Amino acid sequence: MASVNSFVLAPIGELHLPRSAGPAKGASMNQTRRVAEAGVAVREGRIEAVADAETILKEFGDLPRIDAANSLVTPGLVDCHTHISWAGNRADEFIRRCRGASYEQIAKEGGGIAASALAMERAEPSSLVENLLERCNLLMSLGTTTIEVKASYGLSPESSRKEVDAVAEAATQAKPTVVATYMGAHAYPSGLPRSEYLSLLEREMIPYASKHTRFNDVFCEVGAFTVDESRKVLEWGLVCGLRPKIHSDEFNALGGTEMAVSMGAVSCDHLLKVTESGINALASSNTIAVTMPGTAFYLDKPYADARKLIDAGCAVALGSDYNPGSSQIPSMAFAMGLAVSRMGMTPEEALSAATVNAAAAINEDVGSLKVGERADICVWPCKRIEELIYEFAFIKPIAVFAKGDRVV
Ligand code: NIG
Ligand code: FE
């Protein structure tokens, strides 16, 4: 009798996997494995075996079979950086930006993150959870089976608690795996001295969030948190057991990347303006360099130099940065297409970046389809990764499995 979430996927036209589990650094990002006529066996939501189709069909004849003879199969994609717990929208701000106002200018006038913070303050908890689940479903339909979610718009103790609770609740209900990050240090709320907000973060907000989240993130940027403030925020998280992450070198290189690497940050994200010393720090560490070409595209800014990061030996990951202000772009396939067409990555590097490296950026052991791994798998309506990249603007998987459950 076949058990739940158990099946074989065979034959597979082309199975394309990163070289191995764990992050791929530098040149190894390009060394992926393409296996023709492959098969995968899944038992009770876990990968049981990966081999040639014939062996899989012979050994696991008791399991239901799904045919993928004409398809590319990859691990489920991992989105290691999103801000999908937002309320309302910022469409008018986007149109203003299209007419020439800058992201920084809009923020200075009380728009931007502050506008989303106000919407968060007013939001009903139930609608926050509903929105989150809808966005998780959207991402899943696009092939993302693991989603990092930042609680990043609640900028008062009450609003922050409401947001953290909503993310925690959505994580228990969502079909994809949700990994929660706390980011109370996203912006300073208006009408409060900086020192008072920092003290709230230290004494109330980070300790509360640490009960429901895995990482602590900070926006180290002109107009947001200085390098010294960022270091303090990350230290307060460490005291509560939260590993550091940072938004660094997005619009200005302040030294946040170097500081975060020296603290053992799990990732440094954005890096549009990363310097030589930032690149060297990342290359000689275990910190993942997260690039998000969707943000550069959406803000019409120069892209992060992924080529230089990889050539220097960094482990580069991709994220969507899906959020209401700087990236209304939910698709990781779109990020992979931009990575290849605008940031100089190869299709193989983009695959490593969107699977094992993105997983390493959120401490998840997934993205390689190794035996025992959570069975998160995508079946694509094309034959090779080159075709997926070529069709990046609209491609969606024809089947998605999350923990062995067919969810698309
Ligand atoms: O990752 N850079 C800072 N934070 C977000 C944008 C958030 C927003 O504009 O609402 C980002 O791009
Ligand atoms: Fe972000």
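**Close-up views of a predicted model**

**View 1. Thr213 is buried in this predicted model.** Its relative accessible area is 13%. That is under the 20% cut-off, so Thr213 counts as buried. Thr213 sits in the loop between helix 7 (194-209) and strand 8 (215-218). Its side chain reaches the backbone oxygen of Ala209 at 2.8 Å. Which residues does Thr213 contact, leaving aside its neighbours within four places in sequence? They are Ala180, Thr181, Tyr182 and Leu242.

**View 2. Helix 5 packs with helix 6.** Helix 5 spans residues 125-141, and helix 6 spans residues 157-173. Their axes lie 9 Å apart, at an angle of about 45°. The two helices are therefore oblique to each other. The crossing is right-handed. Helix 5 brings Pro125, Leu128, Val129, Leu132 and Leu133 to the contact. Helix 6 meets them with Lys162, Ala166, Val167, Glu169, Ala170 and Gln173. Of these contact residues, 8 are nonpolar, 1 is polar and 2 are charged.

**View 3. Helix 13 is largely enclosed by the rest of the structure.** Why? Of its 11 residues (332-342), 8 are buried. These are Met332, Ala333, Phe334, Ala335, Met336, Gly337, Leu338 and Ala339. Their cover includes strand 5 (77-79), strand 6 (144-151) and strand 12 (316-318). It also includes helix 11 (293-299), helix 14 (347-354) and helix 16 (385-390).

**View 4. Ser331 caps the N-terminal end of helix 13.** A side-chain oxygen of Ser331 lies 3.2 Å from the backbone nitrogen of Ala333. Just after helix 13 comes Gly344, with a positive phi of about 80°.

Terms used
Residues numbered from 1 in each chain as written. Chains lettered and ligands numbered in written order. Predicted model: local features only at pLDDT ≥ 70, side-chain atom pairs only at ≥ 80, totals over all residues. Heavy atoms only, no water. Helix = DSSP H or I, 4+ residues; strand = E, 2+ residues; numbered from the N terminus. Buried < 20%, exposed > 50% of the residue type's maximum accessible area, 1.4 Å probe, protein only. Polar contact = N/O pair within 3.5 Å; in protein donor to acceptor, adjacent residues only side chain to side chain. Contact = heavy atoms within 4.5 Å. Axes fitted to C-alpha atoms, helices over the stretch in contact; angles between N-to-C directions. Parallel < 35°, antiparallel > 145°, perpendicular 65-115°, else oblique. Left-handed = near helix turned anticlockwise from the far one by under 90°. Nonpolar A, V, L, I, M, F, W, Y, C, P; charged D, E, K, R; others polar.
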